[in-house]
Amino acid sequence: MDNYFLKTFLLSVYFLFVTITGFSQGKATKKELDENRKKWDTPAWVDTLKNPYANNLARVDSGKVIYQKLCSVCHGSGGKGDGVAAAGLTVQPANHTGDLVQAQSDGSLFYELTNGHAPMPAYKTSLTDKQRWELVTYIRTLKPKPKPTK
């Protein structure tokens with residue numbers, strides 16, 4: 001019973017967060033986020049995970065080094081999903097600059113890096129928790145900067 005209550009509570013918090021932050025305003029829709037969560041089999045509790053290196057510039061640099069070594073071959077050096085291996089994959093690599101990735105929680109991205117989803121490998125045993133959080137921190141910097149309004 002307690003487990004059911006916790007899951008229900010966390011799902012409620014998640015949906016409230018999505019509603020309040022207005023993802024549907026030109027960003028990934030709630031439906032798109034839910035479909036992605038289902039595709040990756042991502043549990044709701046991952047949204048409670050906090051990135052210990054959020055906005056830490058030293059960790060951004062470390063994450064960039066890892067990203068260029070491991071991720072850029074599929075996701076491209078700029079994170080748009082256009083790496084040299086992308087054309088040969090049956091599943092297109094995620095665009096890390098796009099709304100769908102940027103609208104996900106840090107915990108969700110950490111979960112995806114940890115567990116993988118074919119053809120993306122799982123990095124649970126090959127990268128430390130710290131390195132995976134550094135990747136999440138770097139991926140956040142790939143969000144396009146808003147264009148100045150006149």
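C74 is partly exposed, because its relative accessible area is 22%. This is a predicted model. C71 is buried, with a relative accessible area of 6%.

How many disulfides does a search of the whole structure find? The count is 0. The sulfur of C71 has its closest cysteine sulfur in C74, at 8.7 Å, so the two are too far apart for a bond. A disulfide needs cysteine sulfur atoms within 2.5 Å. Seen from C74, the closest cysteine sulfur is that of C71, again at 8.7 Å and too far for a bond.

## The nonpolar core

The largest nonpolar core has 17 residues. Which of them touch the most other members? They are Y67, L135 and V136. Elements giving two or more residues to this core are α3, α5 and α6. Helix α6 gives the most, with 5 residues.

Y67 is buried, with a relative accessible area of 0%. Beyond its sequence neighbours up to four places away, Y67 touches S72, H75, G76, S77, G79, H96, L135, Y138, I139 and L142. Its contact L135 is another of the residues that touch the most other core members.

Where is H96 found? H96 sits in the loop between α3 and α4 (99-103). Is H96 buried or exposed? H96 is buried, because its relative accessible area is 9% and the limit for buried is under 20%.

With neighbours within four places in sequence set aside, H96 contacts Y67, H75, G79, V101, Q102, I139 and L142.

## Aromatic pairs

The structure holds 2 aromatic pairs. In one, the rings of Y67 and Y138 have centres 5.1 Å apart and planes at 55°, so the pair is tilted. Y67 lies in helix α3 (residues 57-75) and Y138 in helix α6 (residues 129-140), so this pair ties together parts that are 71 residues apart in sequence. Y138 counts as buried, at 6% relative accessibility.

The rings of F110 and W133 have centres 4.1 Å apart and planes at 15°, so this pair is stacked. Planes under 30 degrees apart count as stacked. F110 belongs to helix α5 (residues 106-115) and W133 to helix α6. These two residues are 23 residues apart, and their pair links distant parts of the chain. F110 is buried, with a relative accessible area of 10%. W133 is buried too, with a relative accessible area of 8%.

## A charge over a ring

Which ring does the charged end of R59 sit over? The ring is that of Y53, and the charged end is 5.8 Å from the ring centre.

## Salt bridges

Side chains of opposite charge can pair when their charged atoms come close. A search of the whole structure finds 5 salt bridges. One of them joins D47 and R37, with the closest N and O atoms 2.5 Å apart. D47 lies in the loop between α2 (30-40) and α3, and R37 in helix α2. They are 10 residues apart, and the pair links distant parts of the chain. Both D47 and R37 are buried.

R140 forms a salt bridge with D106, with the closest N and O atoms 2.6 Å apart. The pair links helix α6, which holds R140, with helix α5, which holds D106, across 34 residues. R140 counts as partly exposed, at 23% relative accessibility. D106 has 19% relative accessibility, so it counts as buried.

D129 pairs with R132 in a salt bridge whose closest N and O atoms are 2.5 Å apart. Both residues lie in helix α6, 3 residues apart, about one turn of the helix. D129 is partly exposed, with a relative accessible area of 47%. R132 counts as buried, at 3% relative accessibility.

## Helix α6 in brief

R140 of helix α6 bridges to D106 of helix α5. D129 and R132 both lie within helix α6.

Technical notes:
Residues are numbered from 1 along each chain as its sequence is written. This is a predicted model: local features need pLDDT of at least 70, side-chain atom pairs count only at pLDDT 80 or more; totals for chains, interfaces and linings use all residues. Side-chain values use heavy atoms; hydrogens and water are left out. Rings of Phe, Tyr and Trp (its six-membered ring) pair if their centres lie within 6.5 Å; planes under 30 degrees apart count as stacked, over 60 as edge-to-face and the rest as tilted. Helices (H or I, at least four residues) and strands (E, at least two) are DSSP runs, numbered from the N terminus. Buried means under 20% relative accessible area, exposed over 50%, partly exposed in between (1.4 Å probe, protein chains only). A charge sits over a ring if NZ of Lys or CZ of Arg is within 6 Å of the ring centre and within 35 degrees of the ring normal. A salt bridge is a side-chain nitrogen of Lys or Arg within 4 Å of a carboxyl oxygen of Asp or Glu. A nonpolar core is a set of buried Ala, Val, Leu, Ile, Met, Phe, Trp, Tyr and Cys residues joined through side-chain atoms within 4.5 Å. Contact means heavy atoms within 4.5 Å.
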